[in-house]
Amino acid sequence: MSIPGLLAEGFESALLACSLILLVPGAAVGLTARAAAVPAILSFAVGVLALSWLRFADRGGDFPPLLVAAGLMVATILLLVPLISRLDLAAIPAGLLAGGAAAELWLPCVGPDFGQLLNELPDRGASGLGLLALYLFGTLSPLVALAALHHLTPDWVLERLEPIWAVVGGTLLALLAVATAAGLHDDLVGKLFQWSAA
Amino acid sequence: MNWSRFVAAVLVIAVVVALVAVRFRPDEPSAATDAAIGPEAADRAATDAATGPEPGATRSITGGEEASTAAIAPTTAPEVGPEAPPVLDGKPELTGLDGWLQSDATGLASFDGQVRIVHFWTFGCYNCKNTLPHLQDLYAEHHDDGLEIIGVHAPEFDYEADVDNIAAAAVDLGVTWPIALDTEKVNFRAWQGRRRFWPRTYVLDQEGRVRFDHIGEGAYDELAATVQYLLANGA
């Protein structure tokens, strides 16, 4: 397995429909978190890495859909309802929960280098986690760009747009939670993919 | 200029450049174009519905399924040399299928005595499509010697679950072997456990035991060696 190949496959996977189940909730978390988009997306990435490693290394995970849906719903509530006074602090558990839930729903399409990693992952220790993080850096790169774009946006624009983003992102997260509970999350993401492809 | 904004700008540019670079990598099929096969296949399916399928597209759908317990899949790809490929855990079956395309099979038992490649795929999956030329080469070379490929189609999205779309994609992609319709992903889950991926390739020997298991693209030489060994030496 080549490290550059693995990284390139990660970036390539960001353009594939198989990764939408990670990117859609990730973007929704970033939008809903408003001013806390950066910590929310970073926490989301950590959640994805942790749960996908547990599953793919055959060490755990694979939770029932209702629990995954609950994770998404709690993340939505944490970001929209001021249960924790500071939004940047609420964004961290919300991002972790949503990231873990997304990783549970993720069924990746696998190229040669990522395939080799997955074949070896149960027998690898920390190096497997590091290599998976490298791949996911590419896969989740659009979310990194989203967080950076948020940081680049002037404050007066953010003040006007953030309430709209929060509604759009929160609605998407809540819809995904309901669809997951009903076993229809693939259909929801598939429809988003078809609309974007059309 | 604010340093954090400078770093953010560099990050955005770096991500865009990386995505454009992999998107337009030379000598590679376009991921984005390939990923859009769903709507294209849907259009072709609509044409087929009006005019009938293209010649060579067998559209027989049978609803048979095998009533036996699916085994948990093995997890390691064997290294195949001059020695026999190892027997991995499990002797899986196909259960709960929605039918077959391009075959009158009722389950794995319909192919008893043959070496079987069981290929989990879905037609919208870019990496699955990359494996097809290698499977086509093996099929052309060894089908008459006793090799059968069973494409277990486990859709991700609802348009990939449409039988007309699957049939149209099979014609388009040159998939001529039997396709088992695993619409509810019963076998996708049962064979792969919590390590579920597209594509995944198994080889079953003449007695139905798993002799090869590989996740993703690649390992084509090992796959061919396993098939050739089993065809030459039996289970």
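The predictor's confidence in each residue is expressed as pLDDT, on a scale from 0 to 100. In this predicted model, local features are reported at a pLDDT of at least 70 and side-chain atom pairs only at pLDDT 80 or more, whereas totals for chains, interfaces and linings use all residues; side-chain values rest on heavy atoms, with hydrogens and water left out. Residues are numbered from 1 along each chain as its sequence is written, and chains are lettered from A and ligands numbered from 1 in the order in which they are written.

The mean pLDDT of chain B is 78, and 74% of its residues score at least 70. Helices (H or I, at least four residues) and strands (E, at least two) are taken as DSSP runs and numbered from the N terminus. Among the elements of chain B, the highest mean pLDDT, 97, belongs to strand S4 (residues 147-153), and the lowest, 39, to helix H2 (residues 31-35). For the model as a whole, the ipTM is 0.79 and the pTM 0.80.

Burial is assigned from relative accessible area with a 1.4 Å probe on protein chains only, under 20% being buried, over 50% exposed and values in between partly exposed. Gly95(A), in helix H5 (residues 87-105) of chain A, is buried at a relative accessible area of 0%. Leaving aside residues up to four places away in sequence, Gly95(A) touches Val29(A), Ala40(A), Ser43(A) and Phe44(A). Helix H6 (residues 112-120) of chain A has as its buried residues Asp113(A), Phe114(A), Gly115(A), Leu117(A), Leu118(A) and Asn119(A). The cover over these buried residues of H6(A) includes helices H1 (3-13), H3 (37-56) and H7 (126-139) of chain A, together with strand S7 (210-215) of chain B.

Aromatic pairs were assigned to rings of Phe, Tyr and Trp (its six-membered ring) with centres within 6.5 Å, planes under 30 degrees apart counting as stacked, over 60 as edge-to-face and the rest as tilted. Over all chains, the structure holds 14 aromatic pairs. One of them, between Trp100(B) and Phe111(B), is tilted, at 5.9 Å centre to centre and 50° between the planes. Because Trp100(B) lies in strand S2 (residues 100-101) of chain B and Phe111(B) in the loop between S2 and strand S3 (115-121) of chain B, the pair ties together parts that are eleven residues apart in sequence. Trp100(B) is buried, with a relative accessible area of 0%, and Phe111(B) is likewise buried, at 6%. Elsewhere, ring pairs link Phe56(A), Trp106(A), Phe114(A), Tyr135(A) and Phe197(B) into a cluster.

The largest pocket has a volume of about 610 Å³ and is lined by 23 residues, with Gly183(A), His185(A), Asp186(A), Lys185(B) and Arg189(B) nearest its centre. Helix H10(A) gives the most to this lining, with three residues. The lining of the largest pocket comprises ten nonpolar, three polar and ten charged residues, where Ala, Val, Leu, Ile, Met, Phe, Trp, Tyr, Cys and Pro count as nonpolar, Asp, Glu, Lys and Arg as charged, and the others, Gly among them, as polar.

The second largest pocket has a volume of about 380 Å³, and of its 20 lining residues the closest to the centre are Ile41(A), Leu42(A), Ala45(A), Phe137(A) and Val144(A). H3(A) contributes the largest share of this lining, seven residues. By class, the lining of the second largest pocket has 18 nonpolar, two polar and no charged residues.

Three cavities of 30 Å³ or more are found in the whole structure. The largest cavity holds about 60 Å³ of space, and its lining divides into five nonpolar, five polar and one charged residue. The second largest cavity, of about 50 Å³, is lined by residues of both chains, including Glu9(A), Tyr135(A), Tyr126(B) and Asn127(B).

Definitions and conventions: Contact means heavy atoms within 4.5 Å. On a 1 Å grid over the protein atoms alone, a cavity is a set of points where a 1.4 Å probe fits but cannot get out, and a pocket is an open set with protein on both sides within 12 Å along at least five of seven lines; lining residues have an atom within 4 Å of a point. Grid points are joined across faces, edges and corners, and a volume is the space filled by probe spheres set on the points.
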